[in-house]
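Please look over the sequence and the 3D view before reading on. The notes after them are arranged by topic.

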Amino acid sequence: MMISDGVEDEEKWLTAGIAGIQQNAFYMHRALDSNNLKDALKYSAQMLSELRTSRLSPHKYYELYMRAFDELRKLEIFFKEETSRGCSMVELYELVQHAGNILPRLYLLCTVGSVYIKSKEAPAKDILKDLVEMCRGIQNPVRGLFLRSYLSQVSKDKLPDIGSEYEGDSDTVIDAVEFVLQNFTEMNKLWVRMQYQGPTREREKREKERSELRDLVGKNLHVLGQIEGVDLEMYKEIVLPRVLEQVVNCKDELAQYYLMDCIIQVFPDVYHLQTLETLLNACPQLQSSVDVKTVLARLMERLSNYAASDVEVLPELFQVEAFAKLNNAIDKVIAAQDNMPIVGVVTLYASLLTFTLQVHPDRLDYVDQILGACVKKLSGKERLDDSKATKLIISLLSAPLEKYKDIDTVLKLLNYPLVIEFLHGQTNKEMANVIVQNIMKNRTCISTAEKADALFELIKGLIRDLNDFHDELDEEDFKEEQSFVARLIQMMHSDDPEEMLKIICIVKKHILTGGAKRLPFTIPPLIFSTLKLIRRLESQDDSVSKEDDSAMPKKLFQIVTQTIEALSSIPVPELALGLYLQCAEAANDSDLEPVAYEFFTQAYILYEEEITDSKAQVTTIHLIIGTLQRMHVFGVENRDALTHKATGYSAKLLKKPDQCRAVYACSHLFWLDENDRIRDGERVLLCLKRAQRIANAAQQMSSATRGSSGSVLLYIEILNKYLYFYEKGISQITADLIQGLIELITSTTGGENTTLDPAADAFFASTLRYIQFQKNKGGAVAEKYEHINV
């Protein structure tokens with residue numbers, strides 16, 4: 001009969017088949033209830049005749065088969081009862097063979113055979129041999145598969161296995177194995193033959209149907225794996241060669257892939273280990289379209305997990321030279337499949353690498369060998385556009401990092417950077433991020449210039465724009481990336497100053513290629529690393545001559561100067577100015593006056609020429625004043641020149657309040673407690689008076705433009721500066737000056753046109769309370785404050 005494509009017709013035929021089974025089952029049950037063996041066999045044969053249909057797809061045929069299977073279980077129970085009532089098993093076995101059609105006859109024969117074996121009236125091996133041979137009578141692929149599946153189902157608990165109640169006198173395990181192997185072989189042949197049934201245009205549909213039936217064939221291998229008597233020797237000599245022979249010779253893509261996977265999953269790890277060469281030799285013989293990479297990957301995964309489960313397993317893996325065999329097998333498979341896509345090649349090497357890192361973590365040469373083989377296979381491919389392949393390469397390269405948790409170890413792998421070269425654009429950056437994150441996570445210190453150079457080559461995707469890739473990263477993501485690079489620079493350290501100098505030079509070489517967008521992130525950490533080394537040199541004991549001792553700091557200062565100058569092309573003047581001031585402080589600590597003066601000069605040039613925003617000017621001038629205040633290295637002439645410039649800049653700020661605050665901040669430049677040379681009370685007073693004049697001008701401007709005197713906050717801030725220097729004992733700052741300022745503030749706040757400012761009022765009240773507190777202290781302090789009235 002022709003198989004119909006009509007789904008409705010198929011449903012109709014299935015319904016009719018089920019109805020036929022149910023009707024005949026009803027009469028069979030009635031015969032069973034009345035112990036009528038003749039009628040029971042008649043109706044059971046008619047029931048099983050429904051399985052002779054060729055109209056159903058395998059999926060629908062399975063539904064029909066299961067209905068019949070359930071009824072056969074009931075028939076089997078009846079046969080058992082018949083034997084207990086004195087019916088001879090031999091007679092019953094012969095009787096069912098009189099059924100008219102061969103398919104019902106064989107189902108009944110298998111059912112009786114199951115009871116026959118259980119009765120132990122004949123050796124199990126003889127009955128099984130007879131049954132498996134008789135089933136050859138069905139050569140229709142679907143009907144034959146289900147019949148043999150039924151045979152496997154009813155016999156799996158009756159095999160003459162070691163320790164089984166059906167075990168014979170000797171060597172019966174071989175008979176059990178032979179039975180399962182023969183049934184497996186015949187089922188596989190039927191399964192493969194299915195692809196040739198029907199027109200070519202329906203090939204895809206048939207392959208899908210075949211895939212649905214694969215478990216029927218695979219169950220035989222599961223049964224083989226559960227036979228107790230199958231030891232390593234028998235598996236090696238009989239089972240595996242026979243199964244592999246069938247797998248290779250069937251020359252069917254679906255069957256080969258599925259059965260190889262079954263072998264790997266079903267049999268014990270130790271068996272795979274001891275028969276590795278045999279199993280691997282079969283792989284290159286498979287059809288070129290078979291997904292061998294997944295088969296081998298699963299095998300290596302099982303062996304890796306086996307090695308991880310128990311350290312005592314490792315010597316076995318060493319003994320069988322598992323790495324060499326797996327590596328050789330991969331080479332053969334790739335050679336045999338010329339058209340293997342790059343994703344398949346990388347998958348194989350990634351699996352081998354995982355295995356190697358688990359079994360041979362100390363063999364860096366093995367790891368490098370795998371990476372080298374990967375490079376060889378990737379060579380000639382201009383770009384890796386396959387996103388899956390690039391992700392696999394990232395996974396491949398990440399494995400050693402995760403295993404060793406140490407970039408130093410990875411840097412010893414000569415082929416590691418060569419593999420990275422095959423990653424382009426965003427994927428190169430992804431890999432660089434993985435490397436940097438690993439270093440951060442494991443707090444790895446990069447301690448030599450050679451390692452630093454190699455590392456920066458690995459992460460160049462983060463350091464500079466690659467030729468083939470234009471960065472389209474989100475701004476926030478870009479900042480996060482570059483902050484990681486900045487942290488990485490800080491993690492480069494050597495206790496040896498000479499080596500640290502080399503590291504700094506290497507870092508400088510790499511980051512200066514980064515472009516305008518990256519330099520503001522990467523230059524500051526390099527500057528601070530360099531300054532840290534300068535300060536370390538300064539704190540060291542005088543173990544070398546002063547001349548030698550100062551040579552390296554001078555060289556380091558030359559490096560930072562050149563590095564900061566690179567920022568001028570961007571430009572980021574505020575950042576550059578801040579770095580110049582940091583360097584000036586470091587030069588101050590090293591007693592290098594000319595160097596410190598040069599840094600200040602550069603800062604002032606930037607301030608005058610580049611910083612035009614009024615807010616930026618305010619921030620910057622306070623930074624200049626604060627840094628200059630901490631400097632002790634300058635002689636009188638240089639300090640006066642720098643101080644004069646700072647006060648001049650302060651007085652030229654755009655807004656009067658900003659001028660006032662900058663000018664009174666300059667007062668600190670003329671009085672340092674820790675430096676006897678810098679104590680000029682006259683100039684302190686001059687700054688404060690100048691600040692007060694600016695505050696007066698601000699009040700007048702407020703009155704002229706707004707009709708009110710404005711806030712007195714500036715006066716109160718100046719008052720606090722007077723109090724600060726008054727307590728320092730500067731003779732020029734007198735109680736009368738303070739009293740006069742207090743009265744000015746009081747009169748201004750009491751005026752009719754005064755703007756209410758709660759913050760200023762609170763600040764003034766707090767200042768007055770402080771003065772009163774000092775007056776109440778008694779002793780010299782109270783005496784100092786007695787002439788100030790609040």
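This is a predicted model: local features need pLDDT of at least 70, side-chain atom pairs count only at pLDDT 80 or more; totals for chains, interfaces and linings use all residues.

Residues are numbered from 1 along each chain as its sequence is written, and side-chain values use heavy atoms, with hydrogens and water left out. Helices are DSSP runs (H or I, at least four residues), numbered from the N terminus.

**Helices H2 and H3**

- The axes of H2 (residues 37–49) and H3 (residues 58–84) come within 11 Å and cross at roughly 160°; axes are lines fitted to C-alpha atoms, for helices over the stretch in contact, and angles run from 0 to 180 degrees between N-to-C directions.
- H2 and H3 are therefore roughly antiparallel to each other, a term for angles over 145 degrees.
- On the H2 side, the contact (heavy atoms within 4.5 Å) is made by Leu-37, Ala-40, Leu-41, Ser-44, Met-47 and Leu-48.
- On the H3 side, the residues include Leu-72, Phe-78 and Glu-82.
- The residues of this contact divide into 10 nonpolar, one polar and two charged; Ala, Val, Leu, Ile, Met, Phe, Trp, Tyr, Cys and Pro count as nonpolar, Asp, Glu, Lys and Arg as charged, and the others, Gly among them, as polar.

**Helices H31 and H32**

- The axes of H31 and H32 come within 11 Å and cross at roughly 165°.
- H31 and H32 are therefore roughly antiparallel to each other.
- The contact joins Phe-600, Tyr-604 and Tyr-607 of H31 to residues of H32, among them Gln-617, Ile-621 and Leu-628.

- The 16 residues of H32 (residues 614–629) should span 22 Å at 1.5 Å a residue, and the end C-alpha atoms are 23 Å apart, which agrees; the expected span is 1.5 Å times one less than the number of residues.
- Buried residues (under 20% relative accessible area, 1.4 Å probe, protein chains only) of H32 include Ala-616, Val-618 and Gly-626.
- The buried residues of H32 pack against H30 (573–589), H31 (593–609), H33 (636–651) and H34 (656–666).

**Helix H30**

- In H30, 13 of the 17 residues are buried, so this helix is largely enclosed by the rest of the structure.
- Just after H30, Asp-591 takes a positive phi of about 60°.

**Residue Asn-220**

- Asn-220 lies in helix H10 (residues 214–226).
- At 1% relative accessibility, Asn-220 counts as buried.
- Not counting residues up to four places away in sequence, Asn-220 touches Ser-152, Val-180, Asn-183, Phe-184 and Met-187.

Notes. Helices (H or I, at least four residues) and strands (E, at least two) are DSSP runs, numbered from the N terminus. Angles under 35 degrees count as roughly parallel, over 145 as roughly antiparallel, 65 to 115 as roughly perpendicular and the rest as oblique. Buried means under 20% relative accessible area, exposed over 50%, partly exposed in between (1.4 Å probe, protein chains only).
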